[in-house]
Amino acid sequence: MADIETLGTDVLSAIAAVEDLGTLDEIRIAELGKKGRISGLMKQLGGMTPDQRQEMGPRLNALKTEVSKAIERRKMALEEAALDARLANERTDLSLPPLPEPVGALHPVMQVFEELAAIFGDMGFSVAEGPDIEDDWHNFTALNFPEGHPARETHDTFFFHPQLGDTPKVLRTHTSPVQIRTMMAQTPPIRIIAPGRVYRNDWDATHTPMFHQIEGLVIEKGVHMGHLKGCLIDFVKAFFEIDDVEARFRPHFFPFTEPSAEMDVKFTRKGDSIQVGSGDSWMEILGSGMVHPNVLRNCGIDPNEYQGFAFGLGVDRLAMLKYGMPDLRPYFEADAVWTRHYGFKPWTTPSVSGGLSE
Ligand code: PHE
């Protein structure tokens with residue numbers, strides 16, 4: 001028992017020298033645990049004479065307290081050091097030079113979608129969406145394509161296998177079903193554009209089985225053909241970033257608009273590139289018309305109260321015209337060299353006032 005002091009000094013210096021929490025805990029168990037050295041000495045108190053106990057009791061208790069405090073202090077110090085080390089390790093040096101230029105680029109079609117959203121957003125349109133897999137009703141019937149009408153055939157539709165005797169689902173052949181979905185879900189006034197993928201069974205230099213369209217729909221009281229023309233002419237000027245455009249509206253047929261018109265714009269060919277706005281040839285750029293009363297009725301809108309116009313255009317060709325890509329097929333080949341050449345910086349959002357295609 002005389003060596004309590006030596007024992008104390010040894011244990012305390014061992015604790016001070018410990019460098020990790022695991023070893024520290026081993027010391028705690030070896031000294032203060034149930035079978036520990038100091039606990040063992042405490043147990044011997046029971047077999048001592050009252051005098052011895054009176055002398056040894058306080059000394060042992062003091063030792064026990066001192067050792068447990070030393071362990072506690074060392075534990076806190078080690079934990080703090082571990083936290084400091086972790087923080088130092090996880091520190092980000094914000095003064096480091098930036099990462100190299102990203103190699104990815106925004107696909108021209110996505111860029112044009114952004115530009116269209118900016119232009120029409122400026123005119124008060126919001127963006128609507130619908131599914132790529134459509135039912136016959138939204139893609140055709142509600143749009144006033146009569147059952148068995150040949151117009152259904154002209155779309156080269158991809159049909160799904162029918163399920164449980166239902167009419168087969170289709171891959172939407174145009175974005176016009178989003179007109180129906182929007183009119184069913186909202187009450188007029190309505191002003192939406194609907195960008196998206198569409199599908200037709202076609203494959204050559206100017207047609208791919210999947211391509212992109214943007215639909216426009218306006219339903220308001222008193223809307224007429226003049227609004228349609230003004231809106232689309234403004235759109236062409238904004239999109240091609242030109243002050244004037246020579247345009248004409250040529251009668252056409254779509255089941256869901258009456259009257260219907262295709263819009264042509266004048267253009268000039270300059271070497272390999274095409275300049276839109278003026279020139280000696282006409283180019284068709286979109287389909288449009290006043291929403292057919294049957295379509296309004298199919299969506300629960302009274303054609304005597306509300307009128308509207310709609311338009312639809314091919315976005316891939318629009319991108320080709322603006323950015324001079326000669327062939328449609330590389331659009332969908334995911335060739336990084338092509339994308340880097342024709343692509344756009346992903347972080348610059350087009351805006352009408354701030355510039356569409358900087
Ligand atoms: N949906 C038509 C097409 O794909 C385009 C269109 C949309 C025409 C809206 C008129 C109105 O050819």
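Helix 2 runs through residues 21-32, and its 12 residues reach 16 Å from the first C-alpha to the last, close to the 16 Å expected at 1.5 Å a residue. Keep in mind that this is a predicted model. Leu-24, Ile-27 and Glu-31 are the buried residues to look for in helix 2. They cover an arc of only 55° around the axis, which puts them on the same side of helix 2. What covers these buried residues includes helix 1 (4-17), helix 3 (37-44) and helix 4 (50-90).

Now let us step back to the whole protein. The domain assignment gives domain 1 (4-89) and domain 2 (108-342). Their centres, taken over C-alpha atoms, are 81 Å apart.

Next come the salt bridges. The whole structure holds 17 of them, including these:

| Salt bridge | N to O distance |
|---|---|
| Arg-172 and Asp-132 | 3.5 Å |
| Arg-191 and Glu-220 | 2.7 Å |
| Glu-241 and Lys-322 | 3.0 Å |

What does the bridge between Glu-241 and Lys-322 link? It links distant parts of the chain, 81 residues apart: Glu-241 sits in the loop between helix 9 (225-240) and strand 6 (247-254), and Lys-322 in helix 11 (residues 315-323). Glu-241 is partly exposed, with a relative accessible area of 42%, whereas Lys-322 is buried, at 17%.

Finally, Arg-248, Arg-250, Glu-262 and Asp-264 are joined in a network of salt bridges.

Notes: Residues numbered from 1 in each chain as written. Predicted model: local features only at pLDDT ≥ 70, side-chain atom pairs only at ≥ 80, totals over all residues. Heavy atoms only, no water. Helix = DSSP H or I, 4+ residues; strand = E, 2+ residues; numbered from the N terminus. Expected span 1.5 Å × (residues − 1). Buried < 20%, exposed > 50% of the residue type's maximum accessible area, 1.4 Å probe, protein only. Arc of directions from axis to C-beta. Contact = heavy atoms within 4.5 Å. Domains from an automatic or database assignment. Salt bridge = Lys/Arg side-chain N within 4 Å of Asp/Glu carboxyl O.
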